Amino acid sequence: MFVFIIRYFGFLKFVPGLALLFDAQLKLWTLIANPNLLDWIDDIEKEVLTWPGTTVTNHKYGGLQFNYHGKELGHIHSNGLLDMLLSRKIKQQLMQQDRRVQDHHSFKNSGWISVYLKYHDDKHLAIELFEHACKLHADKALNN
Amino acid sequence: MINSIKPLYKGYIVSNLVALAITGFSKYILAPNFWANGATPIIYSEFVIIPFLMGIILSWYLRHTDASSRKLTGYACMNAWIAVVLSFIFLGEGIICLIIVSPLLMSFVILGAFAGKAMFRRNNQTLNASIFAMLFVMFIVDSLSVHHYENKVADTIVINAPPAEVWKYVVAYKRIESPSKYWLFRIGMPSPVQSTADGYYLGAKRKCIFSNGYVFDEKIVTYEENKDLTFDITNQPRDPEIMGHIDILRGQFLLKDNHDGTTTLTGNSWYRLYVFPVWYYDIWAESVTRNVHLRVMEHIKQLAETK
C-alpha cells in the first residue's frame, strides 16, 4: 500500500503539509497494526540523541529526521521505513552484509538505502546504521 | 480542584471545550450566510485547523509527562473520538457522517499532537506565537470566505434491451430486493429501494424512496420519451446524515439507442456540498452518489433484460 501510494501519488508530497498528514495517517495505522514499532522509533531517537552533535527534527516529507550538526543522517517514516543517504560503495557493502538493507524505495541508483523496521532486532540495525552514518559525517568534517 | 485532574484529562477537556467554543463562534458569529438562510457550511477550518489545535493543546498538557509516541498517538485518537461522540450527542450528527469524518479528524489531531510535541520541546516562544497567529489568520480568512461547491457525477451502463423497454423502468421501478454490495449501504447508510411517479409526463411528481423510509420528492422537468428523463429534487428528507452536509439538486437518466438491440443508460446527479475541504468530502460524495446510481441502474438493467 505504502509503495503504491509513493509510486503513483508521490508527486503530491510537494503540496505543503500533505506529506505530514500522510505520515500522521501512517502513525494511526502503525498504532493499530504494529504499535511496538512506535516504541522502537522512540528508542532509536533516545539512543541517537545521546551522541554529541545530534538533533531530531520533523522530516519535510513526514517522519522523524536525525541530524548531525544540522546535516541529515537519515529519517524514519511512521510506518518504520528508515531512509539514509550513504555513498554507493558503502550501500553495496551494507546490502551484501545484511539483507534487510535495501535499495531506496524511490531512488534506486543512488547512495540512499531503505530499511523496513518490522521486528525488535531491526531497532538495533537502525542504531548501528545511524552510528555508521554519524562516523562518516564526523570523518568528512575532520578531512575538510 | 482543577489541579487534581490528571494532565491527560485536562488536555481532553480543554481541547474539546476550545474546539466547541471556536466551532460555535465560527457557526453563529462569523459564518456570513448564517443569518440569511441557516445553511451554514462546515468549513475547512473546523475539520483541519480545529483538530490540529486540539492536538497542540493536548500536547501542551502532556509536555512534562514524557509520553511515548505510541501513547501520544493513542491519546490523540482518543481525543478525536471524544470530539466525535460529543458531535453525535450535542450536534446531532449522523453515525455514518461521523465514520466518514473520523479518519480526517484523527489524522489532524495526531498531526497537531506531534507538532505540539516538537513546538514545546523546542520551547521557542516566537515560533509558538507565530504558529498560533498563522492558525488564527487561516481560521478567520476561511470563516469569512464564500464556500460554494457543486459537482456532477455521471455513470454509464449498457443494457441488453431497446430504449423503449428500458424507459418503462426509468421513470418508476418496483422495489429493489437484492442486497447491496456497497460497504456504506451494508453498515446502515440508506440506499434507494424504489421510485414512484404520478404519471409519465412533464411536470409529474416523482418519489425516490430509501431503505430507511426516507423519501426524496422530485419533479420531472424534462420528459423526452425513450431519451431523457430529468428531475429536480424539490424536497429532501431531514436526515442527520444529509442535513447541512449535502443537497441533491437534480437527477437525470439519458438513454442512447445503440441500434443493436442494446441501450446505453447514463445516470447523472448534481449536488451541492456544505462540508469542506472538498478534496476530502467530495471523494465520499462521489462514491456514495456513484453507488446510488449503480444500485438503481443495475436494478433497471435487471428489470429490462428480464423477459
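How many residues of chain A are in contact with chain B, and how many residues of chain B take part? After that, please go on to the sheet of chain B and its surroundings.

Analyst: This is a predicted model, in which local features need pLDDT of at least 70 and side-chain atom pairs count only at pLDDT 80 or more, while totals for chains, interfaces and linings use all residues. Residues are numbered from 1 along each chain as its sequence is written, and chains are lettered from A and ligands numbered from 1 in the order in which they are written.

Between the chains, 13 residues of chain A are in contact with 11 residues of chain B (a contact means C-beta atoms, placed from the backbone, within 7 Å). On the side of chain A that touches chain B, two elements give two or more residues: helix H2 (18-33) and helix H3 (36-48) of chain A. Here helices (H or I, at least four residues) and strands (E, at least two) are DSSP runs numbered from the N terminus. H2(A) supplies the largest share of that side, seven residues. Sorted by class, the side of chain A that touches chain B has eight nonpolar, two polar and three charged residues. In this sorting, Ala, Val, Leu, Ile, Met, Phe, Trp, Tyr, Cys and Pro are nonpolar, Asp, Glu, Lys and Arg are charged, and the others, Gly among them, are polar.

Strand E1 (residues 54-58) and strand E2 (residues 64-68) of chain A pair in the antiparallel sense over five bridges (strands pair if DSSP finds at least two bridges between them). Within this pair, Thr54(A) is opposite Tyr68(A) of E2(A). Five residues lie between the strands of the hairpin, and Gly62(A) has a positive phi near 90°.

Now to chain B. Chain B has nine helices and seven strands. Its C-alpha atoms fill a box of roughly 75 × 40 × 35 Å along the principal axes. Of its 307 residues, 35% count as buried (buried means 20 or more other C-beta atoms within 10 Å of the residue's own, exposed 12 or fewer, partly exposed in between, with C-beta atoms placed from the backbone). Among contacts in chain B between residues at least 6 apart in sequence, 63% join residues at least 24 apart.

The sheet of chain B is open and has seven strands in the order E1-E7-E6-E5-E4-E3-E2, with antiparallel pairing. Strand E1 (149-159) and strand E2 (192-197) of chain B are at the edges with a single partner strand each, so one side of each has no neighbour in the sheet. On average, neighbouring strands of this sheet are turned by 25° against each other, direction ignored. E1(B) pairs with strand E7 (residues 263-273) of chain B over 11 bridges, in the antiparallel sense. One of the bridge partners in this pair is Thr264(B) in E7(B), which goes with Val158(B).

Helix H7 (residues 163-171) of chain B touches E1, E2, strand E5 (228-235), strand E6 (246-257) and E7 of chain B, and its direction makes about 165° with that of E6(B). For such angles, axes are lines fitted to C-alpha atoms, for helices over the stretch in contact, and angles run from 0 to 180 degrees between N-to-C directions. Helix H9 (residues 278-305) of chain B also packs on the sheet, touching E1, E2, E6 and E7 of chain B, at about 30° to the direction of E1(B).

Arg175(B) is in the loop between H7 and helix H8 (183-186) of chain B. Arg175(B) counts as exposed because it has 9 C-beta neighbours inside 10 Å. Leaving out residues up to four places away in sequence, Arg175(B) touches Val193(B) and Gln194(B). From Arg175(B) to Ala164(B) there are 11 residues in sequence and 20 Å in space, C-alpha to C-alpha.

Asn226(B) is in the loop between strand E4 (215-224) and E5 of chain B. Its phi is near 65°, a positive value in a residue other than glycine. Asn226(B) counts as partly exposed because it has 16 C-beta neighbours inside 10 Å.

Pro277(B) is in the loop between E7 and H9 of chain B, and the peptide bond from Phe276(B) to Pro277(B) is cis, with omega near 10°.

Technical notes. Two residues are in contact if their C-beta atoms, placed from the backbone, lie within 7 Å.
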